Amino acid sequence: MQTSQLLYEVQDLPLFIQELLLKYGERESVSENVTLRKFNVVTIKELNEEFGLGILQKIEGYFNSYLIHSKDEKTVITMGKYLD
């Protein structure tokens, strides 16, 4: 039996994308002190409603990005992109 593995690539994301993930990204608790942020359909819709289609054009290459930060959101632990 094979299990599917999530593939990702650690890489720097532009500060603009980091800020959007921190403010709008879907939250997923990784542990008691660590949170994963990523874009999803709801967050992309929120960005479109708040900023218009122009924002989506700027970030379309980053829809599969993630950011992991400390609970207090002051420390970015890692970031990158999920691979298709």
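Where is the place of Pro14? The legends below take up that residue and then move on through this predicted model.

**View 1. Pro14 sits in a loop.** Pro14 is found in the loop between β1 (8-10) and α1. With a relative accessibility of 33%, Pro14 counts as partly exposed, because that value falls between the 20% limit for buried and the 50% limit for exposed.

**View 2. The whole protein chain, for orientation.** Here you can trace three helices and five strands. Following the sequence, these elements come in the pattern β-α-β-β-α-α-β-β. Taken along the principal axes, the C-alpha atoms fill a box of roughly 40 × 35 × 20 Å. The protein chain has 84 residues, and 33% of them count as buried. Among contacts with a separation of 6 or more, 53% are between residues 24 or more positions apart.

**View 3. The largest nonpolar core.** This core has 13 residues, and Ile17, Leu20, Leu21, Phe39, Leu47 and Ile59 have the most contacts inside it. At least two residues of the core come from each of α1 (15-24), α2 (41-51) and α3 (53-59). The largest share, four residues, is supplied by α1.

**View 4. Leu47 and its contacts.** Leu47 is one of the residues with the most contacts inside the largest core. Setting aside residues up to four places away in sequence, Leu47 touches Leu20, Tyr24, Phe39, Gly52, Ile55 and Ile59. A second, separate core has five residues, including Val34, Leu36, Ile68 and Tyr82.

**View 5. Lys81, a buried lysine in a strand.** Lys81 belongs to strand β5 (residues 76-82). Its relative accessibility is 19%, so Lys81 counts as buried, the limit being under 20%. Look for the backbone oxygen of Gly61, which lies 2.9 Å from a polar atom of the Lys81 side chain. Apart from neighbours within four places in sequence, Lys81 is in contact with Tyr8, Glu9, Gln11, Leu13, Gly61, Tyr62, Asn64, Ser65 and Tyr66.

**View 6. Surface and charge.** The accessible surface of the protein chain comes to about 5900 Å², and 51% of that belongs to carbon and sulfur atoms. There are 9 positive and 13 negative side chains, with the centres of the two sets 4 Å apart.

Key
Residues numbered from 1 in each chain as written. Predicted model: local features only at pLDDT ≥ 70, side-chain atom pairs only at ≥ 80, totals over all residues. Heavy atoms only, no water. Core = buried A, V, L, I, M, F, W, Y, C linked by side-chain atoms within 4.5 Å. Buried < 20%, exposed > 50% of the residue type's maximum accessible area, 1.4 Å probe, protein only. Contact = heavy atoms within 4.5 Å. Areas by Shrake-Rupley, 256 points an atom, 1.4 Å probe, with all protein chains shown as cover. Lys, Arg positive; Asp, Glu negative; His and termini not counted. Charge placed at Lys NZ, Arg CZ, Asp CG, Glu CD. Polar contact = N/O pair within 3.5 Å; in protein donor to acceptor, adjacent residues only side chain to side chain.
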